[in-house]
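I opened the model to look at its packing and its backbone. My notes follow the order in which I checked things.

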Amino acid sequence: MSTPSSSSASLPIRLLTPRDLTACADLSEDRGWPREEHKWGLLLAAGKGYGIDDPEGGLVSACVVTEYGPQDRPDLGAIGMVLVAERHARQGIGRRLMRHVMAEMATTPLTLCATPYGRPLYEELGFKVVGHSEMVRGYFAPGGAEPAVVTRPATAEDLIPILRLDAEVFGADRTHVLTRLPAFADQLRVAEENGRIIGYTAAWPNMDTHVVGPLTARDTETAKALVASLAAHTDRPLRTDIDVRHEELLAWLKERGIAPVGLNAVMTYGIPDLPGDGSRRFAPLTVAAG
């Protein structure tokens, strides 16, 4: 088992701020990830970033925790963007940063989405696999029967119903994140029936794609209608992470040209499963924030 070098082990862990956005994007690029500056901006503003500075410049390591529920006693913390610079890899720095974050979060239940590469570390730290999400990507090809669900762009008046529905489905209050969606996303749409909102979704720009998320819907037909409505208003490829339990939606997306890219493990610590209603939770805002 690798251990931190004496130099890196003594480097302090500090809170990140939005001013660290470029350094975080540089760290992503260093590890072969896209820079994703738009996403980093949201996470650093709505969440709590932790990082280790490199004396030679930039960051040795970083991660972000997004807390949900009451501010003084969160119901859930989502950990994401856990990165260690290539030149400092395999020295135990990621483990040290995770242990620090877990200590800071104390008794707050935690969740994260792990790649096959990162999963062994999280299992060592006590996280358990509770599900999987499949990343899919591609240009949406319309076809087949149109879902018979009414969708439309969201308005300011829809925000309270969206927040109420989301808290019920997600299992914790996400107001401080979702109220940023109108500015963060290029599209925010709702599905309704008899004047009642039964689902909502957003498409936000990420490099050359539009990420579909969150995707919350009463049923699969509603989820299909929401995705199709987003696709009709963009010329970019779509990308999203679908809970693998939603087999029908995944099959439909693949029929429409949205191809599988990879499979990640959904993990929790301190709770046996995610809160909320998984039958209506189709895709996260981003796997980094739940």
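This is a predicted model: local features need pLDDT of at least 70, side-chain atom pairs count only at pLDDT 80 or more; totals for chains, interfaces and linings use all residues.

I found Pro214 in strand 10, which covers residues 209–217. The peptide bond from Gly213 to Pro214 is cis, with omega near -5°. I kept the background in mind: most peptide bonds are trans, and most residues other than glycine have a negative phi.

Next I looked up positive phi values. Glu36 has one, about 50°, and is not a glycine. I placed Glu36 in the loop between helix 2 (21–30) and helix 3 (37–46). Is Glu36 buried or exposed? Its relative accessible area is 4%. The cut-off for buried is under 20%, so Glu36 counts as buried.

Arg90 also turned up, with a positive phi of about 60°, and Arg90 is not a glycine either. Arg90 sits in the loop between strand 4 (76–84) and helix 4 (93–105). I read 58% relative accessibility for Arg90. Exposed means over 50%, so Arg90 is exposed.

Then I turned to the packing. The largest nonpolar core has 40 residues. Which of them touch the most other members? I noted Trp40, Leu44, Tyr68, Leu181, Tyr200 and Leu285. Apart from this core lies another, of 25 residues, including Ala223, Leu226, Leu249 and Ala283.

Technical notes
Residues are numbered from 1 along each chain as its sequence is written. Side-chain values use heavy atoms; hydrogens and water are left out. A nonpolar core is a set of buried Ala, Val, Leu, Ile, Met, Phe, Trp, Tyr and Cys residues joined through side-chain atoms within 4.5 Å. Buried means under 20% relative accessible area, exposed over 50%, partly exposed in between (1.4 Å probe, protein chains only). Helices (H or I, at least four residues) and strands (E, at least two) are DSSP runs, numbered from the N terminus.
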